[in-house]
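Welcome! Take a moment to look over the protein below, and then we will walk through it together.

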Amino acid sequence: MKPGMKIGDTATITAVVTPDMFAQFEGKLVHPAYSTVSMVYHMEWAARQIILPYLEEDEEGIGGGIKASHLAPTPEGMKLEIKATLTELKGRAVICKVEVRNEKATVGEGEVTQYILPKEKISQKLHEMTN
């Protein structure tokens, strides 16, 4: 990992709710609002922005865990801002607090843990699972 990553670093992404982000299972619409699945995706993507500038050529980030609370609905067309804040570095673990807001409320909050590992180690672990 390249030097420079520090507690308090932030990264923000934005999104606009579209029908492909609606709550649905097996092609059946539950309701036309931002789904928890989409929120978790955006939380992880925002947290990934924290690590990207610090990855060495032979490294990659891999998900280690996520805690999420979905607090408010967001309808189609509404803008979202997803902000990750680095709260802890533990060895190869990078832990971020993440907040999701729409134009009116906090939509969700949680924590994303990523591990920075050598690409070869990730490949090796995947290979072990296929044999």
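Is Thr113 buried or exposed? Thr113 is buried, because its relative accessible area is 12%, and buried means under 20% relative accessible area, while exposed means over 50% and partly exposed lies in between (1.4 Å probe, protein chains only). Please keep in mind that this is a predicted model, in which local features need pLDDT of at least 70 and side-chain atom pairs count only at pLDDT 80 or more, while totals for chains, interfaces and linings use all residues. Residues are numbered from 1 along each chain as its sequence is written, and side-chain values use heavy atoms, leaving out hydrogens and water.

**The overall picture**
- The protein has two helices and seven strands; helices (H or I, at least four residues) and strands (E, at least two) are DSSP runs, numbered from the N terminus.
- Along the sequence, the pattern reads β-β-β-α-β-β-β-β-α.
- Buried residues make up 36% of the 131 residues.
- The C-alpha trace spans about 40 × 40 × 20 Å along its principal axes.

**The sheet**
- Five strands form an open sheet in the order E1-E5-E6-E7-E4, with antiparallel pairing; two strands pair if DSSP finds at least two bridges between them.
- Strand E1 (10-16) and strand E4 (59-70) are the edge strands, each pairing on one side only.
- Strand E6 (residues 93-101) and strand E7 (residues 106-118) run antiparallel and are joined by nine bridges.
- Arg101 has Thr106 in E7 as its bridge partner.

**The helices**
- Helix H1 (residues 36-51) lies across E1, E4, strand E5 (79-90), E6 and E7, at about 135° to E4; axes are lines fitted to C-alpha atoms, for helices over the stretch in contact, and angles run from 0 to 180 degrees between N-to-C directions.
- Helix H2 (residues 119-130) packs on the sheet, touching E4 and E7, and its direction makes about 95° with that of E7.

- Thr113 sits in strand E7.
- Beyond its neighbours within four places in sequence, Thr113 is in contact (heavy atoms within 4.5 Å) with residues including Ile62, Gly63, Val94 and Ile95.
- Not counting residues up to four places away in sequence, Tyr34 touches residues including Val17, Met39, Leu80 and Val107.
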